[in-house]
Amino acid sequence: DKEFRFIKVNTAKAKRSNTTPDKMIGKTDFDFFPKDEAEKTIAYEKKVMVSGEPIINKQEKLTDINGIEHWISITKVPRFDKYGKIIGTIGISRDITELKNSEKKYKELFEKAIDPIMILDKNGRFIDVNEKVTKLVGYNKNDFLGKKLDETKIFTKESLDKNLDSFFKRMKGEEVPTYETDIVTKKGEVIPAEINASVLYEEGEIVGELVILRDLRESYRSKKIEKD
């Protein structure tokens with residue numbers, strides 16, 4: 001309600017607070033969260049009731065009544081009476097702790113990978129690159145993020161054309177086998193590399209790709225030694 005008291009609670013919400021729905025009625029977040037966290041969640045309630053604008057999927061780390069931290073996705077929308085006057089809020093909270101932990105593990109694997117890895121969206125813009133990429137080419141992460149393939153200087157002209165053609169084929173669902181390309185470092189050194197790309201899906205639709213680069217300089221040196 002307008003005093004931030006619970007007037008209706010479902011079983012899932014009550015269970016997360018280690019109680020039952022009826023025992024939450026008339027209480028506020030101050031009864032279930034540490035003071036600083038309760039102040040934060042109630043500030044969201046105030047914002048929704050004053051502005052009339054919803055808050056959608058706000059992610060916060062909250063501590064439950066047992067002292068255990070959870071990542072929660074919070075959605076709050078205004079609640080109206082029959083005259084259209086705001087009389088409170090309706091809140092939906094979803095525990096996304098496992099998702100956050102999975103993201104953390106993925107990030108660790110991404111950064112610690114042996115090979116340089118790049119992630120692009122369906123428009124060919126860089127979403128992320130790992131440290132191996134920045135060490136290979138000499139540019140920092142900010143030189144990539146938000147830029148398209150053809151807005152960076154890490155490929156020769158011929159390789160860039162081939163990479164763009166291959167990228168857009170993959171975005172159309174076509175299979176493109178592993179192929180070789182030339183990478184240009186910040187210092188102007190041309191490095192032979194292999195590109196192995198996998199399409200990324202979200203809800204069944206192609207949303208981008210993950211690209212693994214493999215430095216072929218050692219391989220080329222080995223071939224030269226064998227030939228000599």
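What covers the buried residues of α3? Among the elements that do are the strands β1 (55–63), β2 (69–80) and β3 (86–95). The views below come from a predicted model, where local features need pLDDT of at least 70, side-chain atom pairs count only at pLDDT 80 or more, and totals for chains, interfaces and linings use all residues. Residues are numbered from 1 along each chain as its sequence is written, and side-chain values use heavy atoms, with hydrogens and water left out.

View 1. Helices (H or I, at least four residues) and strands (E, at least two) are DSSP runs, numbered from the N terminus. The buried residues here are E37, A38, T41, I42, Y44, E45, V48 and M49; buried means under 20% relative accessible area, exposed over 50%, partly exposed in between (1.4 Å probe, protein chains only). On the face turned away from them sit the exposed K35, D36, K47 and V50.

**View 2. V48 up close.** V48 belongs to α3 (residues 35–51) and is buried, at 0% relative accessible area. Leaving out residues up to four places away in sequence, V48 touches E53, I55, K76, V77, P78, I86 and T89 (contact means heavy atoms within 4.5 Å).

**View 3. N130 in its loop.** Look between β5 (126–129) and α5 (131–137) to find N130, another residue with a relative accessible area of 0%. The N130 side chain reaches the backbone oxygen of F110 at 3.0 Å. Beyond its neighbours within four places in sequence, N130 is in contact with F110, E111, A113, D115, P116 and I117.

Terms used: A polar contact is a pair of N or O atoms within 3.5 Å; within protein, one must be able to donate a hydrogen and the other to accept it, and residues adjacent in sequence count only if both atoms are side-chain atoms.
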